[in-house]
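Good morning, and thank you for coming.

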Number of protein chains: 2
Amino acid sequence: MDKPDQYVLERQVGFVMRRAVQRHIAIFSALIPEMTPTQFAALAKLCELGQASQNELGRLTAMDVATIKGVVDRLRARSLISSAPLESDKRRLMLTPTRQGRALYRKYAPQAAEVTRQTLAPLDDGERRQLLQLLERLT
Amino acid sequence: MDKPDQYVLERQVGFVMRRAVQRHIAIFSALIPEMTPTQFAALAKLCELGQASQNELGRLTAMDVATIKGVVDRLRARSLISSAPLESDKRRLMLTPTRQGRALYRKYAPQAAEVTRQTLAPLDDGERRQLLQLLERLT
DNA sequence: CATATTTTGTTTGTGTACAAATAGACTGTG
DNA sequence: CACAGTCTATTTGTACACAAACAAAATATG
């Protein structure tokens, strides 16, 4: 037998989560074709903070140094954020959303909330809360 | 105000799932450093089936054509699977696990189940079942 | 004060993930 | 049979995601 029955792909959390994430991303890009979930997360967090260093923004959005750099580069290329080295600590690259970045965030924030709603649409209210709560406890 | 309070990053399913997946992948690569979750999923499914076309394997493991191609290429480069065009349908590339592929699958299947256990460790039995069930309903 | 350590950012390399375009092989229908 | 539509696989391009190695700046500690 080649299939040790202790392992069934479809019952592994990793597989199930991967599929759920795939569906979520599909919903996201249908509702917000202008940017990726990752880019929106970074822009949203930066708008919420007003200002942050690249590293700080990465930590708060759960992106490692290489990932946040790429995301920031792309957002900056589209003039949604601006960056400047900090005078008082020359290691740090301070980021600020531009006027257009803030406008785009304001425009899509309701859509982004709607993405969550549509992703969770198969569940009722209690189940939604439960799912989020259980997922949070995994981290 | 720059923060429309209908949108809070930390409460979006996408963000919470992303973090859970990150932790899961970290656990996986600690327990199974020899391959990625994706590669293991493809190998496992192929061992379960005995044989499958690349396309078929992609569908069953939720990978699109480009993704499954890359994964298959890497597994083949490590001699874990072999491939040959099908005589009766020259479009299809039939895949078979090699002896070593099967051996590696058998070796790591218990570890892979353990990855799921460790990922779900913060939850009790009922919560685990519930989480998996809720996630499945999202797809 | 001097240097070991930490922090921040960059670069490189590998591996998913998906869209879109292409090509060849099959199938169905007229 | 012809050929329109479908299926399988490949290729190209963009975007995360992480590890590892590096450099420069700041901090800590002796």
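Which oxygen of DNA strand C is 3.3 Å from an N or O atom in the side chain of Thr38(B)? A phosphate oxygen of DNA strand C is. Such a polar contact is a pair of N or O atoms within 3.5 Å.

This is a predicted model, in which local features need pLDDT of at least 70, side-chain atom pairs count only at pLDDT 80 or more, and totals for chains, interfaces and linings use all residues. Residues are numbered from 1 along each chain as its sequence is written, chains are lettered from A and ligands numbered from 1 in the order in which they are written, and side-chain values use heavy atoms, with hydrogens and water left out.

Let me stay with the DNA. In total, 24 residues surround DNA strand C, and Asn55(A) and Gln39(B) are among the closest; a residue is near the strand if one of its heavy atoms lies within 4 Å.

I turn now to the strands of chain A. Strand S2 (residues 81-86) and S3 are joined by 6 bridges and run antiparallel; strands are DSSP runs (E, at least two residues) numbered from the N terminus, and two of them pair if DSSP finds at least two bridges. S2(A) and S3(A) form a hairpin with 2 residues between them, and Leu86(A) stands opposite Asp89(A).

Technical notes
Helices (H or I, at least four residues) and strands (E, at least two) are DSSP runs, numbered from the N terminus. A polar contact is a pair of N or O atoms within 3.5 Å; within protein, one must be able to donate a hydrogen and the other to accept it, and residues adjacent in sequence count only if both atoms are side-chain atoms.
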